[in-house]
Amino acid sequence: MVLATYNIKGGVGKTSAAVNLAYLAARGGATTLLWDLDPQGGSTFLLRVKPKVKGGGEKLVRGKSDVSARIKGTDYDNLDLLPADFSYRHMDLHLDSAKRPTRRLGRVLSPFETEYDYIFLDCPPSISLVSESVFEAADALLIPVLPATLSARMLDYIGDVAGDQVRRLPFFSMVDARKRMHRDVMEAFRAERPEMLHTVVPLAADVERMGLARAPLEEFAPRGRAAEAFRNLWAEVSRRLTHASEVDEPVARPGEP
Ligand SMILES: Nc1ncnc2c1ncn2[C@@H]1O[C@H](COP(=O)(O)OP(=O)(O)OP(=O)(O)O)[C@@H](O)[C@H]1O
Ligand SMILES: [Mg+2]
């Protein structure tokens, strides 16, 4: 199963989600690989790995790199990382000069799909050949959405470009529940978009602190609401992925009929 954290917009929580969800998948016993596709190397930094890939992005996408040798272990059981490299900033050009560019990332990953239960792709914020290649390679896009009216258009746009080939699992990110505007926008959004996940990731200092701790939330703030939100998010995403339906069935609570 290949899952990409994606949004055209920057700074919405893609990397925070990729690192925490990949960690939770691994902790649950699934062999997990995270490929940090962003030349900024956010997830590589958070997982304390050197942002360097021998031969760079070009050799990788051309199938001329020994990918196994480029994959690094992390401090966590079951969680491996294919690091970011500064050369990934030219990934579009490298893809563009390759044959069947949008199939390239999938080709890099296909030998590993039996080895790993989950492969996460942490994408840079853009809409480009890299993203088109991600749409082909991924089974689902995990899309952090800010509770702002413009996000609706962004989500429609992603839908138009990604098409039906990949499932979209959008969720609200950086939500301040005290803000009336956030609550109103979320309510209006949900009414029109049943595919929105129920779990909301709150705006929380713990998430920012990941940059200081250089670790997933579970490792340094497991009792916080942010860690709890990501546990819920992973549970909900896993549930959705095992169901064919686009819309999650409400979960029966104990005591309810
Ligand atoms: N729920 C949250 N609460 C508070 N801060 C957050 C939250 N999610 C992310 N942040 C902070 O916002 C910044 C951007 O987050 P992150 O790197 O996860 O976003 P991104 O979408 O991957 O960004 P980019 O587009 O640059 O790759 C980081 O400093 C991060 O710590
Ligand atoms: Mg990022």
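Modeller: Asn 7, Lys 9, Val 12, Val 145, Leu 146, Ser 151, Met 154 and Leu 155 line the largest cavity. The model is predicted, with local features needing pLDDT of at least 70 and side-chain atom pairs pLDDT 80 or more, while totals for chains, interfaces and linings use all residues. Residues are numbered from 1 along each chain as its sequence is written, chains are lettered from A and ligands numbered from 1 in the order written, and side-chain values use heavy atoms, without hydrogens or water.

On a 1 Å grid over the protein atoms alone, a cavity is a set of points where a 1.4 Å probe fits but cannot get out, a pocket is an open set with protein on both sides within 12 Å along at least five of seven lines, and lining residues have an atom within 4 Å of a point. The count is one cavity of 30 Å³ or more. The largest cavity holds about 50 Å³ of space, a volume being the space filled by probe spheres set on points joined across faces, edges and corners. Helix α8 (residues 150-162) gives the most to this lining, three residues; helices (H or I, at least four residues) and strands (E, at least two) are DSSP runs numbered from the N terminus. The lining of the largest cavity has five nonpolar residues, two polar and one charged. Here Ala, Val, Leu, Ile, Met, Phe, Trp, Tyr, Cys and Pro count as nonpolar, Asp, Glu, Lys and Arg as charged, and the others, Gly among them, as polar.

The largest pocket contains about 530 Å³ of space. Its lining has 28 residues, and Gly 11, Gly 13, Lys 14, Thr 15 and Ser 16 lie nearest the centre. At least two lining residues each come from α1, α2 (42-46), β7 (167-175), β8 (200-202) and α10 (205-213). By class, the pocket lining divides into 15 nonpolar, nine polar and four charged residues.
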